[in-house]
Amino acid sequence: MFYYYDSTYILVLIGLVITMIASANVKNTFSKYQKVKSKRQKSGLDVANYILKTNNYNDISIKKTAGSLSDYYNPATKQVALSDSTMNDTSVAAIAVAAHECGHVIQYKEGYFPIKIKAWILPIVNFGSRMSIPLIFLGIIMSYNKTLIDLGILLFSFVLIFQIVTLPIEFDASRRALKVLDNSGILDSQEMVYATKVLKAAALTYVAAVLSTALQFLRLILIFGGRRRD
């Protein structure tokens, strides 16, 4: 974003470093506990099937998706997608990730309120993520048109709001996952400690994303707030 250098560019670099550290941390943590096989020999697929069947979510299907840590739940297609590193693996890490994605299923089924907020603002966020920077650039080209620049910054703020709303959703999905794993006895007490570490590392990537976007937003305010005062 804005490829010339100024004193505020350090904010972008700080955000980049935070994101890289969080990404490396989740990969290292997952890799570490992927080597720890569960004593009950349950795979990620086994755990996902157990959670869905126990809750009578018969309309939810499970599919395989390529890659590692590419797992997700798609409420539109009602599919839990488990990656190559999760579906057939019996590690504590794979079980934790599979349970987390099923935690999202439970959220949608129970009408978890932050999920509804996320759905409400998603169209604005999609538009804002595409148009915010072009509008700001257009405003710069048009002799620093205040209306266009302010509109671009406003649209960018919705991206930040969206990421902030996502935080409790991800933490809650992990909480639900750990509760199921504990109550069902799928993991023992020590394995629960490991699973918690995996999901905490994953959650920190969302925290890092919020911080990075917040720093970019602050940079916009600092740059163009000064322009307005001039």
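**Aromatic pairs and a buried alanine**

Across the whole structure, which is a predicted model, a search finds five aromatic pairs. One of them is formed by Y33 and Y194, whose rings are stacked, with 4.9 Å from centre to centre and 25° between the planes. Because Y33 belongs to helix α1 (residues 9-34) while Y194 belongs to helix α6 (residues 189-229), this pair ties together parts that are 161 residues apart in sequence. The two partners can also be described by their accessibility: Y33 is buried, at a relative accessible area of 5%, whereas Y194, at 23%, counts as partly exposed.

The rings of F113 and W120 give an edge-to-face pair, since their centres are 5.8 Å apart and their planes stand at 80°, an angle that falls in the edge-to-face class because it is over 60 degrees. Here F113 is partly exposed, with a relative accessible area of 49%, and W120 is exposed, with a relative accessible area of 57%.

An aromatic ring also takes part in an arrangement with a charged residue, for R176 lies over the face of Y112, at 5.5 Å from the ring centre.

Returning to helix α6, the reader will find A195 there, a residue that is buried with a relative accessible area of 0%. When residues up to four places away in sequence are not counted, A195 touches V92, A96, L178 and L187. For D59, which is 136 residues from A195 along the chain, the separation of the C-alpha atoms from that alanine is 27 Å.

Notes:
Residues numbered from 1 in each chain as written. Predicted model: local features only at pLDDT ≥ 70, side-chain atom pairs only at ≥ 80, totals over all residues. Heavy atoms only, no water. Phe/Tyr/Trp six-rings, centres within 6.5 Å; stacked < 30°, edge-to-face > 60°. Helix = DSSP H or I, 4+ residues; strand = E, 2+ residues; numbered from the N terminus. Buried < 20%, exposed > 50% of the residue type's maximum accessible area, 1.4 Å probe, protein only. Lys NZ or Arg CZ within 6 Å of the ring centre and 35° of its normal. Contact = heavy atoms within 4.5 Å.
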